[in-house]
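Please keep the sequence and the model in view while reading.

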Amino acid sequence: MDKNYILIIGWVAVMAMLSVLTSVKRVETVCGKKEYRWRPVWAVVTVLPLVWMCSQRGGIMDTGAYLEGYKDMPRAFGGIISYIGTVKKDKGFYFLSAVIKCIVGNRSVVYLFIIAALQAGMLFYVYRKYSSRYLMSFFLFLASTDYISWMFNGMRQFTAVTITFIGIKFILDKKYVKAIVLILIASLMHQSALLMIPFIFIVQGKAWNKKTLLFILAVIVVVVSVGEFTNILDSVLAETQYKNVVSDWQSWEDDGTNVLRVLVYAVPTILSLIGLKYIRNADDPIINLSTNMSIVSVGFYVVSMFTSGIFIGRLPIYFSLYSYILLPWEIDNMFTKRSARLVYVMTICAYLAFYYYQMHFAWNFI
């Protein structure tokens, strides 16, 4: 058993106690309103153990494949151009990795640390700035096991995901050109980032608006006619780097995303529907956006239940990260102060139970 998987959760408790004993927050202006936010130094202190843990993870999941590829990268800047010429997809990530190797050499632990620091830096920059409860957002990211699924695994895609995530300000301000440019940069890391382009328009507006309802209707249509959907998807992807996706998941007998995981990710979306009047009354642009992103993430997860957990199930991460901004706000604003404390306790216990289930029974890590 790797004790780090337990210690990283314990670290959240340590920071929670520290936040009570020390002034870790300050007043900042967020979307035109004065709100309390964690001081940058304490936000960094909170996330550093996770970055260190990522660097020490060894060859878990597909890390071994990344490290094997890292060994083959040139050690001098002069060899990067010819090396990139041999790379067939996601050249931006491999270019970044090659540059890191030219700087730090064969020290793979340092390489993993740098990649994790870049990912965590972008991710928790957004949470520190836009989440009303930074530490709770950090806990949700951990307890959902997203850090295992993405920072220990799927490094290319998660680098792309976090790049699109820091574009939240562009989406909020409707600066679509800047948002699309950022998405295009992210697509150099992983081409799946291009999926975000239509959704930066779909998620605009109030929570649960007509555009999101149409998306839900589209999800229902896909689920009802899943056979036709896979045929269309196969044709659409025929000329891309994902041309074998449908045949791969069918040959691997991929039976879709686990229903328990889908239910866990659906909690913020379900709460947003139940307490929609509170969201409408607040009319907070961050919460409107986070709600609509959460709806989209659940839609993709539902589709992945009936298709592929390995392929389709990897797409919702572009949207589900917003749920960790949404859920703490829902608890604080949809319940009385006394009830909110109880709901927080229930939420933490439920996520810890899921964490244990996933880490012990599903992955046998603890």
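Helix H1 gives the most to the lining of the second largest pocket, with 6 residues. The model is a predicted one, in which local features need pLDDT of at least 70, side-chain atom pairs count only at pLDDT 80 or more, and totals for chains, interfaces and linings use all residues. Residues are numbered from 1 along each chain as its sequence is written, and side-chain values use heavy atoms, with hydrogens and water left out.

**The pocket**

The second largest pocket has a volume of about 490 Å³. A pocket here is an open set of points on a 1 Å grid over the protein atoms alone, where a 1.4 Å probe fits, with protein on both sides within 12 Å along at least five of seven lines, and lining residues have an atom within 4 Å of a point. The volume is the space filled by probe spheres set on the points. Of the 19 lining residues, Ala16, Arg133, Leu135, Met136 and Ile348 are the closest to the centre of this pocket. Two or more lining residues come from each of helix H1 (4-21), helix H7 (134-143) and helix H21 (337-362), helices being DSSP runs of H or I with at least four residues, numbered from the N terminus. The lining divides into 14 nonpolar, 2 polar and 3 charged residues.

**Aromatic pairs**

The whole structure holds 26 aromatic pairs, counted when ring centres of Phe, Tyr or Trp (its six-membered ring) lie within 6.5 Å, with planes under 30 degrees apart called stacked, over 60 edge-to-face and the rest tilted. Two of them are set out below.

| Pair | Centre distance | Plane angle | Class |
|---|---|---|---|
| Tyr5 and Phe365 | 5.5 Å | 15 degrees | stacked |
| Tyr127 and Phe165 | 5.5 Å | 70 degrees | edge-to-face |

Tyr5 in helix H1 and Phe365 in the segment after H21 are 360 residues apart, and their pair links distant parts of the chain. Tyr5 is buried at 7% relative accessible area, where buried means under 20% with a 1.4 Å probe and protein chains only, and Phe365 also counts as buried, at 17%.

Tyr127 lies in helix H6 (residues 108-130) and Phe165 in helix H9 (residues 155-165), so their pair ties together parts that are 38 residues apart in sequence. Both Tyr127 and Phe165 are buried, and both belong to one aromatic cluster whose members include Trp38, Phe124 and Tyr322.

Note on methods: Nonpolar A, V, L, I, M, F, W, Y, C, P; charged D, E, K, R; others polar. Buried < 20%, exposed > 50% of the residue type's maximum accessible area, 1.4 Å probe, protein only.
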